[in-house]
Amino acid sequence: IKIDSTVMISKEDVIVSITKDGYIKRTSLRSYQASSEETAMKDGDYLIGLYELNTLDVLLLFTNYGNYFYLPVHELPVCVWKDMGKHLSNIIRLDSGEEVMSVIPIDDFKQDIDITISTKQGMIKRTKLEEFKTTRTLKPITCIKLKDKDSLINAFITKYNDIFVGTNKSYGLWYDVNEIPIVGLRTSGVKSINLKDDHVVNVSNFDQTTNEYITVITDKGTGKRIKLNDFEKTSRAKRGLLILREVKTNPYRIIKTFIVSNKDFIGIKNNDIKLLKNTEIPILDRYSVGSQISKENILSSFINVELVKKEEIKEEVNITEEKKETKVSLKEIDDRLMTIDDFLNME
């Protein structure tokens, strides 16, 4: 006898939030809408996910250890909006030093989309969404096979055709997403960028028709935006181009690279957290070390999270599926075109 447990779940739209330090909760829409305050967080913590979801939906949490956790929304702790929530270690089995790097909300695992996963040592792969469907809720499942000392840095639904890889020692590489093969969960993937005593700080998936700039944040408290046109789209597994000029006596190291809209805010963290609108960061050339955006050295940087509504999640997935349906390779076009011989042979 097969019993569908979902029929026992009370269907309700809720707000789900998760922070970098690992605090998670679900809140009723009424509690969220009635509060004018920000949610409670520890000093130095910030949101990495804020979603309007249904209790029937699922969160996929990806950790630096190359694992993912399958969290049904209805099993998340219920809190009022201004409460901090519960730490993930009370819900799932996190090993010492394991932390969540990316969060992806899912409402239907039958969607024809894939998830891109990238690592610190420059490996990358795509895996079909349907492979992440599991009955092993709240337990760690391997999503990428990591080599020694490697770690997962981010995971995202593959929405656009362009990939940009930024490294700590100031290299950037732009290539097409179709150079990344679609493989299974327990594989290690392929080389994304050629590293030399270096590591990847971020991988961005973007649409070059709507994004013009790469935002760069350094450890020395500087930042800048570079025109995408200053780069050439090449192929995977190359070293890439310099994003900053090399300063030998006191080298600048890149904390993060972002490709985001002009409306987005970038967070920078040192002793406290400061938010900058992306347009406040000056546009400079590739060889500049950037303008001062912080008086102190920067420890980390992030994109400020806004509430993602249910319609926006569905719309993004629909766009992704439509692009796959309408995309036709040049080879397919060539195969469809009749040659002159074909035409002459027709009777």
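Good morning. Val-165 stands opposite Val-203, a residue of strand β15. The model shown here is a predicted one, in which local features need pLDDT of at least 70, side-chain atom pairs count only at pLDDT 80 or more, and totals for chains, interfaces and linings use all residues. Residues are numbered from 1 along each chain as its sequence is written, and side-chain values use heavy atoms, with hydrogens and water left out.

Let me begin with the strands. Strands (E, at least two residues) are DSSP runs, numbered from the N terminus. Strand β12, residues 162-167, runs antiparallel to β15, and six bridges join them; two strands pair if DSSP finds at least two bridges between them. How many residues of strand β15 are buried? In β15, residues 200-206, seven of the seven are buried, where buried means under 20% relative accessible area, calculated with a 1.4 Å probe on protein chains only.

I now turn to a loop. Ser-288 lies in the loop between β21 and β22, and Val-289 has its place in that loop, between β21 (273-277) and β22 (291-292). Ser-288 is buried, at a relative accessible area of 16%, and Val-289 is buried at 13%.

What does Ser-288 touch, not counting residues up to four places away in sequence? Ser-288 touches Lys-224, Ile-243, Leu-244 and Arg-245; contact means heavy atoms within 4.5 Å. With neighbours within four places in sequence left aside, Val-289 is in contact with Thr-218, Thr-222, Leu-244, Arg-245, Val-247 and Tyr-252. Finally, Val-289 and Pro-251 are 38 residues apart in sequence, and their C-alpha atoms are 9.6 Å apart in space.

How values were computed. Helix = DSSP H or I, 4+ residues; strand = E, 2+ residues; numbered from the N terminus. Buried < 20%, exposed > 50% of the residue type's maximum accessible area, 1.4 Å probe, protein only.
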